[in-house]
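Q: Hey, can you walk me through this one? I'd like to go chain by chain and then see what touches what.

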Amino acid sequence: MIAALTTPYVAWWALVPLITFAVAGFLLLTVASLVRRLPAVLAPAWTAVAGLGVLLYLVPMWSRVGRDGADSFLAGTVGVDRSSIFVTGILAVAVIAAALISRDYLPREDLPGVELYVLLLMSAAGGVVMASANDLIVLFLGLEILSIAVYVLAALHLRRIESQEAALKYFLLGAFSSAFLLYGIALVYGATGSTNMVRISAFLAQNVLVDDAMLLAGLGLLLVGLGFKVAVVPFHAWTPDVYQGAPTPVVAWMAAGVKAAGFAALMRVFVLTLGTYVSDWRPAFQVIAAATVLAGAVVAVVQTDVKRMLAYSSIVHAGFILVGLQAATDRGNSSVLAYLAVYAFLTVGSFAVVTVVSGTGDASHGLDAYRGMGRRHPALAGVFTVLLLGQAGIPFTGGFVVKLGVLAAAVDGGAYWLAGVAMLAAAVAAFVYLRLLVAMYLEEVPSGTETSGAVPLGALVVAVASAVIVLVVGLVPGPLLDLARDAVPVLVAG
Amino acid sequence: MNDVANRNQLAYIAAQASDARVNVEFESEGMTLNLGPQHPATHGTLRVIVKLDGERVLRADPMMGYMHRGYEKLAEVRTYPQVTTLVNRIDWLGSFANEVPFILAAEQLMEVEAPPRAQWIRTILFELSRIANVILFLGDMGVQLGAVTPVFFAFRDREFVLNQIEAVTGGRFHPNFDRIGGLKDDLPKGWIEETTGVLDRIRTFCDEMEDLVTGNEIFQARTRGIGVIPAEVGLAYGLSGANIRASGVDWDLRRDGGVGLVHDQVDWKVWTHPDGDSFARYWVRLQEVREACGIIEQLLGGIPSGPVMAKVPRIIKVPAGEAYVETENPLGVMGYYVVSKGDLVPFRVKIRSASFNNISITPWVLEGTYVPDVVSILASLYFILGDIDR
Amino acid sequence: MILAADPLLVDGIDLTVVLIVLLKAGVAFALLLVAVMLVIWFERKLISDMQNRIGPALAGPWGILQTLADGIKLFFKEDLLPTRADRVVFRLAPYLSIIPAFVAFAIVPVGGDFSDGGDGTVSMFGRSTFLQVADPPVGVLFFLALSAVAVYGVMLAGWSSGSKYPLLGSVRASAQMISYEAALGLAIATVFLSSGSLSTHDIVVGQSATTWNVLATGIVPFGIFLIAGTAELNRPPFDLVEAEQELVGGFHTEYSSIRFALFFLSEFMNMITMSAIAVTLFLGGPAGPIVTQRVAWVWPLFWFFLKVMAFLFTFVWLRATLPRFRYDQLMDLGWKVLIPAALGWFLLIATLDVAADLGWPTIPVVIVGVLVLWGGASLLSGAVRKAQAERLEEADRGADETAGSASGLGEA
Amino acid sequence: MEVAVFIVSAVVVLSGALGVLLARNPVHAALFLVQTLFGVAVLFVLLDATFLAAVQVMVYAGAIVILFLFVIMLLGVDRADDLGIEPIAGQRPLAAVVGMSLAGLLATVLLVAVDGLTGAPAGTPIGDAGDNTRRLGEALFTDMVFAVELTAILLTVAVVGAVALARRLSGPMQPLPVVAIAEVDDDPDEATGDDS
């Protein structure tokens, strides 16, 4: 009576990262709900192993895509190419780092904690979906998986009212931006008759719309929706509050992972899908990028709370990435990916240090907490110095290399004024990092500060490893840039 | 003086302020609900002020006195025989039992003793009123949990018990039958056989209750582990009767008190339950009804012959002195403290009624329960409003 | 559009068709009203019998007009509006309760010959039609949607009264009805699997062709439907919404006069509708042996009403017998037992369907399926037990803390 | 006929939406939302999407708005909500400007694109009312299967999040951030000392 359905083709090998993250989360959840006293180390170890497994699996996947070319499957809703593999790699790194930082953070704050890891894994799964979505609906679902998990993660410090406040702000604005995104998707669907990115781009390549007002409106709304997620001016207002309130390991994930997934989505939607309309959206991107770098840098200067400072600095970074993205060229794309990679290391490292310094209660984020750190914790201060210099884009650090990359891409595209603005902003932002360095090395320890305390292993490993990687990339930039160059995003029909 | 007044005033203001703060806290947390004075659950005019967080009770305060009738004061202007008419109306479901401890106290002061036949009949009536009282509880427990049928069974079978009481005393609810030095009358003819038949009906009723209520899963879920009162807490609050026996305290004045009634002449058992929850209270009462049937049956078989009234003067003047007698009434321990100055009327009567103490544990036991449990726990504590507000 | 499945509407719409449809709607409406009147009397009489009482006896023979008398009395009573009530919503709520109750009955096929492959059509004024007001292609979903809407009546009545007991009642109502609607829906989903259609008419036809769904879906969904349906109706033992002993009258505490009568009416109407739906989904609707060919059209109606009566009797019987659940126990039953059971059974039946399609051997599939379900159930119960143990531990710790602070106070 | 139904339900939808915005009482706003959802359901029926119509009523009106109301009632936000307080100065006019401009933008889009709203025809029509449910199911299990599976993860995340946030911790909380809490001196000894 009922005819059998032909189910779509599934390239399981390409779904492994997504499935690993999701299943690891589900399993952890199941085990945690059945076993009464889980050893505290199990959940972080499990999470880190899942991330590591994904990272290792990406190597054969990378070469397979290189050999067979990009693939699209599940009725064309998922595409796998080297750029999505690259972003997945960044996500995996961020997951590992966040898990390692959390390992000591949760016991210190006396928080119960399997949910943090479960949500971390799930939101990573959402990020992977975003990085490989070939359909706007799938993209939206990935975005929601990622964001809802992160809203909750932001509130997970149940003992701090600021944490809940941050989550609420993030949630409200995030939900708002999701609505914009959905509206944008609806309008784009209305204009092109499909939500599939491949079909949209094919349609736009083959047809010239008599009237593109609807498409343009949809495009604008998509930009607003995604702009909220990656925190570019003027959609950045939530960032400082949320970064300040949320638990610091979560902030590390938010800054590294969420941003990577968000930019991957921006790249897929604008550069790939709506590439034919580049002349329409590029000016908007340029203005936003310029505003972002400038506003972020200037406001960062007047901050006294280090987490807020880093939040504004992440806004500046987002602006820089946008500078690369607006070029809409292969060079621009690869510069964006390289920037995302280095930026991930810079932020997870920095927030690892911030986690350690913040002390029990996750409360001391003022500059005071950093005064005289050079004497109290020379090693930690040294690592932090490297990371800050990297963020400032000082030569011989990875930050310099990737900043150069995006600027070059912009100059290539002829956006000289934008490159100029970005360099100016970088100079202003450098002042922020210098201020921290001055506080660490040149100022006295304020009286009454507890003098020492063992540095927890997980955070230390993350901080040191990031610093080393940032330095290595700065000194030997070739491999990373090659990888980023090979990670070309493409859309292929399923 | 001024200083003290100020201090008092300040203390008062401080108390008001802290009350206000508590109220503000509670208001912001949830809401205040008045269960009563008019409410289906309180069968009478008890008012319980319940502060809720959602459906969870943060605090419950019983407010009593809506039905206070001043019997203790009224008794001071009534002659001794007249007082029984008043005290009948304290626990109106087991009226005869109210008269007994007062009469016993008066007898103690006058140093008279009822003849054996009167003592046996007194005990039989005492236990009959227990049955009449407690089987209503057994039915009511179901009603408070939402099962309406058992109470109709209870009313049906209580009718037979009341008939028997009426046959002896002439009054169904308020017999006013006990006299200082004995009883008003002897048993009517054929009463003993009829009563045996009634006891069988009551036993059948108990079996019905076992079938209909006790084994019901929902009933068990609603009563087991609910309103648990540990023995020491119960004792500290002065609980008595089945309420304390359900917490595992083996204490029954019919066996341990032994004044004036002849429970020691028959073979019976004091039932206890270790759990102390609502179910235990229900179960202990069910067993007590059965046990009361056994007691009456044995007593009926061996009523001694003889007069039912000792020799007492026609106008009763109780010699000066004081006496306190308590008995194990259907609701718990009931005691009368009678002070006489040698007049026609008592100088002072203090009534220790069981429900007043039983209900005083509500703030303790209701904290942290849910609204439906408030009702079921109140029902399982089993109070009669008249027994709270005398 | 939505009514297109009825053969009456296939050949275009003319005046006769319109009149027939109006007639059907009118008859259904009148029938339902009379039925409600009788059902109220039936319940009161039956429960009186079960409780050693006589029940209504004065109005009409055997008190059969008692409901009518009550209705008239209520109609002439004063209509009270509490001062703190939300006027508009307070007036609106009874209608939100009664309209879904009326409309939901429209999809129930009450008669028509379904035996021997009959498709249940009857001929009326020369047209053939179904004995149901409407047969939308998503009929059962229509019923679920309406029962979802019916929650509003109860909920808003409680809220708009501006009084505490009704508010508690409506808070309970909202949670309870949503929770049990999930179980109800999952139980019905199993019927969809075995019938392959959402239309009530098709479901009845399908059952007459094979076996009744109560067997075809393996009893369990039927049991779940009955329990969840009772909860959905707010009948004992799930009548927490009204819970006389706790909440006085629950959501309708503040209602009087005709508005109260509307609530009363809709409650019993829902009872009839729920019974009729249960008959339709699980017991073959009007199907049954046609004993005499002379008045053949009466028999389906007779069987249908007999089956409905059986359900009504069950509802009354439950009311006479069972105590009420507590709120949290109700939620436990719904979420930890009924929904998982309904879902698991749904999956099992689906697996068997697939196995039959693909020609897998039945017995191993059943064994594996049951094992998987058992595994899932033990995982679930393990998690529940662990959570309970943890909660107890937490409570102990909390109690220790308060005890500690209390003793500390004592020392101070 | 269809036009009439469309106009009526459009009026219902729009007036409901306006009601949501303008109602002062959150419960009334939620009820207006229900009105809108019903109007949308009728529009679905008009498009022969009967399954969607039923599900729309079941899920949105029957569950989601009920939960809204549940929360509104439980928290009692219908009572003490002062809309007069403006935490950020000037946000209302700003919001009005932004909202108006957004509305203007969309209106312009609609007006400008009057000749053809869509560039391409949407996929094949989804069949008549009878076939509709089956087609929808097929789409969910073929073209949209990945989205359906993702929804499972999404819902799990939401449930885990809700449970994690609803948890109550034992042990001390972090102190509230210091934002001008008035010091209350309620030491009775001192107070009496002053008086005597």
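Predicted model: local features only at pLDDT ≥ 70, side-chain atom pairs only at ≥ 80, totals over all residues.

Q: What percentage of chain C is buried?
A: Chain C has 412 residues, and 47% of them are buried.

Q: Can we zoom in on one helix? How many residues does H5 of chain C have, and how far does it reach?
A: H5 of chain C covers residues 139–160, which is 22 residues. From first C-alpha to last, H5(C) reaches 32 Å, close to the 32 Å expected at 1.5 Å a residue.

Q: And is H5(C) largely enclosed or exposed?
A: H5(C) is largely enclosed by the rest of the structure, because 22 of its 22 residues are buried.

Q: What about just after H5(C), which residue takes a positive phi there?
A: That's C:Gly162, with a phi of about 65°.

Q: Switching to chain D. What's the pattern along the sequence?
A: Chain D reads α-α-α-α-α-α-α. That goes with seven helices and zero strands.

Q: How much of chain D counts as buried?
A: In chain D, 24% of the 196 residues count as buried. As for contacts in chain D with a separation of 6 or more, 49% come from residues 24 or more positions apart.

Q: Now, how many residues of chain A are in contact with chain D?
A: On the chain A side there are 48, and they're in contact with 39 residues of chain D.

Q: Which helix of chain A gives the largest share of that side?
A: H5(A) does, with nine residues. By class, the side of chain A that touches chain D has 31 nonpolar, 10 polar and seven charged residues.

Q: Last topic: inside chain A, how do H6 and H9 cross?
A: The axes of H6(A), residues 161–192, and H9(A), residues 238–245, come within 8 Å and cross at roughly 145°. The crossing of H6(A) past H9(A) is left-handed.

Q: Which residues meet there?
A: From H6(A), they include A:Glu162, A:Lys169, A:Tyr170 and A:Leu173. From H9(A), A:Trp238, A:Asp241 and A:Val242 are among them. The residues of this H6(A)–H9(A) contact split into five nonpolar, three polar and four charged.

Note on methods: Residues numbered from 1 in each chain as written. Chains lettered and ligands numbered in written order. Helix = DSSP H or I, 4+ residues; strand = E, 2+ residues; numbered from the N terminus. Buried ≥ 20, exposed ≤ 12 C-beta atoms within 10 Å, placed from the backbone. Contact = placed C-beta atoms within 7 Å. Expected span 1.5 Å × (residues − 1). Axes fitted to C-alpha atoms, helices over the stretch in contact; angles between N-to-C directions. Left-handed = near helix turned anticlockwise from the far one by under 90°. Nonpolar A, V, L, I, M, F, W, Y, C, P; charged D, E, K, R; others polar.
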